[in-house]
Amino acid sequence: MKEYHRLDEIQEDLSLGKITCSQLVDYYLTNIERDKQLNAFVEVYAEEAKQRARELDKKIELKTAGPLVGLIFGLKDLICYKDHEVSGASHILKGFESQFSATAVERLLQQDAILIGRQNCDEFGMGSSNENSAHGPAKNPVDPARVPGGSSGGSAAAVAANMCHVALGTDTGGSVRQPAAFCGIYGLKPTYSRISRWGLLAYASSFDTIGIFSRSVEDNARILEAIAGRDEKDATSSSRQVAQYSNAQPHGTYRIAYFPELFDHNGLQPEIQEAYKNWVRELEKEGHSLVEESFPFAEYILPTYYILTTAEASTNLARYDGAHYGLRSGTSNDLEAMYKNSRTEGFGDEVRRRIMLGTFVLSADYYDAYFTQAQKLRRLIKEATEAILQKVDFIITPTTPTTAFEHKSHASPLAMYMADLFTVQASICGLPAISVPMGNDAKNLPIGMQIMGAAFEEEKLFAFSKIQQNNSR
Amino acid sequence: MKVDKETLQKVAHLARLNIRPEEEDQLLKDMGEILNWVEKLREVNTKGVEPLTHMTGEVNVLRADKAEATIDRQQALKNAPQQDGKFFIVPQVMKRND
């Protein structure tokens with residue numbers, strides 16, 4: 001089977017009878033088996049996918065197939081699919097079966113996409129390397145000695161290694177964009193509230209979004225178009241009309257803000273500095289207007305993010321108490337001990353660390369000094385970022401300070417947090433951002449660049465991303 | 001910000017977590033480092049800045065005041081670690097007074 005980059009190529013071959021859905025599913029299943037050692041999938045729905053493929057092949061014959069027929073997708077193990085297990089890559093949800101499907105999943109299935117399996121990630125989305133997983137670490141298909149990024153590492157690895165065509169991940173501070181950059185594919189975090197969060201296991205509710213991994217800009221746009229939009233089950237979901245993202249076309253030139261301080265920033269891998277510099281020059285040559293900016297509140301972005309997300313995490317994860325579902329410790333004499341033992345046995349180190357931090361910053365003595373101050377900083381960062389986006393169409397940065405790093409290469413939690421430097425800004429501000437592949441470093445590891453736009457301007461983001469896609473082919 | 005063992009245990013209790021004695025030192029170190037780092041925020045003068053408390057642009061999202069069936073009892077009990085077909089069963093809550 002040829003390697004497809006766009007769903008329309010698959011659909012054309014389906015309609016010409018060159019391939020069938022069953023063959024497609026078999027192809028991906030073979031690749032999943034071949035790359036088993038990457039540990040990208042936690043569970044593969046082989047028989048169900050085959051069965052559904054047969055049904056869809058009949059629908060193709062009868063010309064009644066839905067608009068996403070031929071799309072084989074994977075799902076981060078943090079998003080619910082009815083009557084199937086979802087664990088958030090945590091021991092605390094071992095064996096848990098969801099009673100409903102996420103709205104995003106339902107919408108894809110309604111349009112005749114096929115779900116092929118559940119994918120590895122960092123526990124409850126907390127991590128940048130997919131090493132904090134109850135399922136063990138996932139590996140980067142480009143170099144298995146390195147991490148695929150996180151938290152949606154398994155999903156990025158699976159799409160990059162052609163184990164499925166696209167995948168749904170979640171992005172709270174970069175968890176789709178960073179692994180997309182590390183694996184050399186496209187990864188979108190939409191505007192906050194653009195996609196319903198119903199069925200997404202909550203980490204930090206005012207940051208969480210479902211995000212999309214794809215092998216082309218076109219597919220990313222099509223998937224967003226299919227799953228975005230108001231959902232009664234998520235009161236925060238936006239009622240704004242969903243644009244026809246799949247029609248996004250670049251027109252004319254754009255105004256683009258960049259940060260010259262990153263050209264020789266010592267926190268950046270030299271090849272990424274170089275790639276960023278070249279990109280800026282290239283865009284200038286193409287006639288776009290490049291505007292120099294400096295990072296607003298540069299030093300405060302990550303601390304703000306970590307205070308607010310750990311606080312929200314400590315609240316959201318209070319639900320895992322061993323009473324109603326999930327792991328219950330067998331050694332408790334009373335209710336309080338049951339809560340404590342179950343949570344201590346069920347959560348991994350990073351999750352417990354973040355719950356502790358979040359509980360600390362929310363505790364009475366420190367609430368104003370940490371939590372309220374961070375909420376104020378959030379407003380300042382958001383306003384400063386939006387002020388730049390009033391003047392320009394996009395803000396561009398590298399997606400990550402380095403390319404994919406080796407497993408267990410970070411000495412402390414703090415060092416690992418720095419991997420999120422560029423991605424958290426869009427998360428703090430609720431803005432859409434996409435990571436696009438842009439060449440490789442000397443070790444042939446993919447480099448990703450990030451394009452951030454104004455709220456609800458995904459269509460423009462896709463249009464501009466297509467220019468980059470065409471340039472890199 | 002230096003966290004001491006007493007504060008650590010107090011926070012752990014609030015979070016309903018146990019901290020094993022052998023973990024205390026590492027956790028104190030990690031939390032101390034992270035808190036020192038986030039303390040940077042205090043440098044910023046935020047006088048008069050309203051805290052940003054929610055991110056969605058939606059306001060007054062209401063639904064009809066009508067009872068709706070969600071999941072039935074059997075479904076709700078499906079993932080329970082211990083149940084009797086009707087209720088979730090948990091260890092003793094109240095202390096006996098005898």
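**Close-up views of a predicted two-chain model**

**View 1. Packing of helices α7(A) and α15(A).** Helix α7(A) and helix α15 (residues 458-472) of chain A pack with their axes 9 Å apart and at an angle of about 165 degrees, where axes are lines fitted to C-alpha atoms, for helices over the stretch in contact, and angles run from 0 to 180 degrees between N-to-C directions. That angle makes α7(A) roughly antiparallel to α15(A), on a scale in which angles under 35 degrees count as roughly parallel, over 145 as roughly antiparallel, 65 to 115 as roughly perpendicular and the rest as oblique. The crossing of the pair is left-handed, a term that applies if the near helix is turned anticlockwise from the far one by less than a right angle, with right-handed used if it is turned clockwise. From α7(A), Val217(A), Glu218(A), Asn220(A), Ala221(A) and Leu224(A) meet Glu458(A), Phe462(A), Ser465(A), Lys466(A) and Gln469(A) of α15(A), contact meaning heavy atoms within 4.5 Å. The residues of this contact divide into four nonpolar, three polar and three charged, with Ala, Val, Leu, Ile, Met, Phe, Trp, Tyr, Cys and Pro counted as nonpolar, Asp, Glu, Lys and Arg as charged, and the others, Gly among them, as polar.

The model is predicted, so that local features need pLDDT of at least 70 and side-chain atom pairs count only at pLDDT 80 or more, while totals for chains, interfaces and linings use all residues. Residues are numbered from 1 along each chain as its sequence is written, chains are lettered from A and ligands numbered from 1 in the order in which they are written, and side-chain values use heavy atoms, with hydrogens and water left out.

View 2. Eleven strands of chain A form an open sheet with mixed pairing, in the order β1-β3-β2-β4-β6-β5-β10-β11-β9-β7-β8; helices (H or I, at least four residues) and strands (E, at least two) are DSSP runs, numbered from the N terminus, and two strands pair if DSSP finds at least two bridges between them. The edge strands, each pairing on one side only, are β1 (41-44) and β8 (289-292) of chain A, and from one strand to the next the twist averages 30 degrees. Strands β9 (residues 394-398) and β11 (residues 446-453) of chain A run antiparallel and are joined by five bridges, and Phe394(A) has Gly453(A) in β11(A) as its bridge partner. Helix α7 (residues 217-227) of chain A packs on the sheet, where it touches β4 (166-171), β5 (186-189) and β6 (209-214) of chain A, and its direction makes about 145 degrees with that of β6(A). Helix α2 (residues 21-34) of chain A lies across β1, β2 (72-76) and β3 (114-119) of chain A and runs at about 15 degrees to β3(A).

View 3. Val291(A) lies in strand β8 of chain A. Leaving aside residues up to four places away in sequence, Val291(A) touches Arg255(A), Ile256(A), Ala257(A), Tyr258(A) and Val392(A).

**View 4. Helix α11(A) against helix α2(B).** The axes of helix α11 (residues 349-362) of chain A and helix α2 (residues 21-38) of chain B come within 11 Å and cross at roughly 55 degrees, and the two helices are therefore oblique to each other. The crossing in which α11(A) passes α2(B) is right-handed. On α11(A) the contact is made by Arg352(A), Arg353(A), Met356(A), Leu357(A), Phe360(A) and Val361(A), and on α2(B) by Glu23(B), Leu27(B), Asp30(B), Met31(B), Ile34(B) and Leu35(B). By class, these residues are eight nonpolar, no polar and four charged.

**View 5. Helices α1(B) and α2(B).** Helix α1 (residues 5-14) of chain B and α2(B) have axes that come within 11 Å and cross at roughly 90 degrees, and the helices are therefore roughly perpendicular to each other. Lys5(B), Leu8(B) and Gln9(B) of α1(B) meet Glu24(B), Asp25(B), Leu27(B), Leu28(B) and Met31(B) of α2(B).

**View 6. Backbone details in two loops of chain A.** The peptide bond from Gly150(A) to Ser151(A) is cis, with omega near 10 degrees, and Ser151(A) lies in the loop between β3 and α5 (153-160) of chain A. Ser193(A), although not a glycine, has a positive phi of about 80 degrees and is found in the loop between β5 and β6 of chain A.
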